[in-house]
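Biologist: Could you walk me through reading this structure, one feature at a time?
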Amino acid sequence: AQNDRDRDTICGDLDTCSNDAENDADGDAVCGDTDECPYDAENDADTDELCGDVDSCPYDAANDIDSDAICGDVDSCPNDPENDVDDDNICVPDDFCAYVHDDEHDADSDALCQDVDSCPLDAGNDADGDLLCRDVDSCHLDPENDADDDSVCGNVESCPHDFENDADNDLLCGDVDSCDHDMENDIDGDAICGDADSCASDAENDADGDGTCGDVDNCPYDFENDADADGICGNEDSCPYDAENDADDDSLCGNNDDCDYDSENDADGDGLCGDVDSCAYDAENDVDGDGICGDIDSCAHDAENDADDDSLCGNVDDCDYDAENDADNDSVCGDVDSCAFDAENDDDDDGIC
């Protein structure tokens with residue numbers, strides 16, 4: 001009645017697809033007027049809403065999502081445009097290191113692929129910044145690489161710049177220790193370190209040159225060390241060679257004083273010092289032996305001391321027992337003149353002067 005409605009020259013009563021002039025062109029037993037994909041026998045097989053006759057990838061719903069011109073259904077790496085470029089059989093995004101073969105991906109596990117890892121075998125990637133990777137850096141945490149060459153890396157060494165590592169054990173490393181072999185660090189402050197200082201505790205270094213350092217020298221400024229043993233060091237002793245220190249107080253030290261106990265030093269010049277001279281002021285030492293020293297003896301040479309009391313000492317008195325001294329001038333002293341006043345001495349011999 002419709003007289004070949006689809007104008008395919010087949011009358012509707014004989015036409016299996018009376019409204020489809022192409023009569024199920026894709027042969028899928030669905031007439032074109034009701035077939036969503038009239039030219040696609042599989043009717044959008046990948047269900048991407050693109051019929052196979054206009055779908056570049058009819059079996060790939062993502063339609064070559066990696067844009068490598070290989071449809072996903074035949075693409076070994078459908079999400080990897082470079083299709084496993086490192087040939088490790090692991091496609092992106094499952095391949096963490098897309099440009100490095102599987103067994104070399106990230107050997108040091110530092111999350112850096114080997115192709116961009118400056119230190120592929122060093123997880124710390126040159127932690128000390130010395131441009132040496134740990135696998136070839138003997139001191140991987142010491143940028144100076146054992147600067148003092150003592151086989152101990154600086155990061156674990158107390159003295160990284162001191163080969164001897166604080167040799168004197170004074171808690172100062174040799175590179176900052178002015179006396180690296182002197183634990184007391186020049187204790188006497190003489191600018192000479194103790195290990196080279198002959199007198200380590202004496203800033204004046206044996207000032208008196210006696211071979212005994214000042215810190216143990218009882219007389220540090222006296223070369224002879226109290227030569228006279230008087231308890232006074234020579235440099236402070238007015239008489240360094242006189243233990244009694246000028247006993248007689250005559251300003252002459254005993255070692256230079258001929259009479260060290262005589263302040264007048266043999267005043268009478270008799271060769272006997274006053275301290276042992278019975279007549280210190282009598283050079284003849286009581287020459288007349290009268291027990292009176294000459295300096296106080298009115299008749300120093302007269303033991304009887306003017307026996308006749310004529311004010312003439314016996315040594316100068318011609319008649320030392322005659323106070324009138326031969327009054328009659330007969331050259332016979334009165335003490336022996338029978339006629340002391342008769343110059344002719346009883347000339348008539350009558351027994352009467």
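Modeller: Asp350 is partly exposed, at a relative accessible area of 43%; buried means under 20%, exposed over 50% and partly exposed in between, with a 1.4 Å probe and protein chains only. This is a predicted model, where local features need pLDDT of at least 70, side-chain atom pairs count only at pLDDT 80 or more, and totals for chains, interfaces and linings use all residues. Residues are numbered from 1 along each chain as its sequence is written, and side-chain values use heavy atoms, with hydrogens and water left out.

Biologist: What share of the 353 residues is buried?

Modeller: Buried residues account for 35% of them.

Biologist: How many helices and strands does the protein have?

Modeller: Helices (H or I, at least four residues) and strands (E, at least two) are DSSP runs, numbered from the N terminus. Here there are zero helices and zero strands. The radius of gyration is 72 Å, well over the 20 Å that the globule rule gives for 353 residues, so the protein is more spread out than a compact globule. That radius is taken over C-alpha atoms, and the rule is 2.2 Å times the number of residues to the power 0.38. Along the principal axes, the C-alpha trace spans about 250 × 35 × 20 Å.

Biologist: And the backbone: which peptide bond is cis?

Modeller: The one from Val92 to Pro93, with omega near 10 degrees.

Biologist: Is Asn169 buried or exposed, and what about Asp266?

Modeller: Asn169 is not a glycine, yet its phi is positive, about 55 degrees, and the residue is exposed at 52% relative accessible area. Asp266, also with a positive phi, near 55 degrees, is buried at 15%.
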